[in-house]
Amino acid sequence: MRLLLVEDNVALADELCASLKRQGYAPDWLADGRDALIQGAVEPYDLVILDLGLPGLSGLDVLRQWRRDGLDLPVLILTARTSWSERIDGLKAGADDYLCKPFHPEELLLRIQALLRRSHGQSNSSQLHVHGITLDEACQCAMLDGQRVELTAAEFALLRYFMLHPGQLLSKSHLQEHLYDGETEPDSNVVEVHVSHLRRKLGRECIETRRGQGYLFGGLPA
């Protein structure tokens, strides 16, 4: 899942990017509200973590403009402002969640997981359950027929994306856009390789290839 982190505290941003990468996310980092306004509207992000006190343009103004323009991706506000009025302003502007600094990194990760699941119609639990496969994001492993299936970091990230989009036809380019940050140039066959590995571990029937179109996880909905 590709995330946009908008935070002008360099030390905090570095820490959060490292933590997000360990959890299988692909974060891009920006420190200026004006840059965030443009990049958030044109890049295919799955979620935004947005500070309010930004140089150039405030986080609230960025969020208001995104919502006026019809951008409906999940936005989690991350800020040192703790008053009730400011929280209300953020929610009225279109925020989906609000986390005050200082915070525990695990709480941020759990809120991100919950927002992504809700935005894709999944139950808000500690695990994803789709088509007989269970994905535990805490241990980054899968369960199939009662057996634990170990996954590499790349396999985990790809399987999580598939499980949040069951029955959807996903092209290779779409998957690459959502699994890698803006600085990474993946190999042209990287998606095929990881799909092959997942099929070997979870069964060939779990991911269908539509030649010239892309992949379906779990097949079409009934």
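Here is a friendly chat about the rings and cysteines of this predicted model.

Biologist: How many aromatic pairs does the structure hold?

Modeller: Two rings pair here if their centres lie within 6.5 Å. Phe-162 and Phe-217 have ring centres 6.0 Å apart. The count for the structure is one aromatic pair.

Biologist: Are the planes of Phe-162 and Phe-217 stacked or edge-to-face?

Modeller: Planes under 30 degrees apart count as stacked, and those over 60 as edge-to-face. The planes of Phe-162 and Phe-217 stand at 15 degrees, so this pair is stacked.

Biologist: How many residues apart in sequence are the parts that this pair ties together?

Modeller: Phe-162 belongs to helix H6, residues 153-164, while Phe-217 belongs to strand S11, residues 214-217. Both phenylalanines, Phe-162 and Phe-217, are buried. Because one sits in the helix and the other in the strand, the pair links parts whose separation in sequence is 55 residues.

Biologist: Which residue lies over the face of Tyr-25?

Modeller: A charge sits over a ring if, for Arg, CZ is within 6 Å of the ring centre and within 35 degrees of the ring normal. Over Tyr-25, the distance from the ring centre is 4.0 Å. The residue is Arg-160.

Biologist: Is the disulfide of Cys-139 and Cys-141 left-handed or right-handed?

Modeller: The sulfur atoms of Cys-139 and Cys-141 are 2.4 Å apart, and they form a disulfide. The torsion about their S-S bond is about -55 degrees, so the disulfide is left-handed.

How values were computed
Residues are numbered from 1 along each chain as its sequence is written. This is a predicted model: local features need pLDDT of at least 70, side-chain atom pairs count only at pLDDT 80 or more; totals for chains, interfaces and linings use all residues. Side-chain values use heavy atoms; hydrogens and water are left out. Helices (H or I, at least four residues) and strands (E, at least two) are DSSP runs, numbered from the N terminus. Buried means under 20% relative accessible area, exposed over 50%, partly exposed in between (1.4 Å probe, protein chains only). A disulfide is a pair of cysteine sulfur atoms within 2.5 Å.
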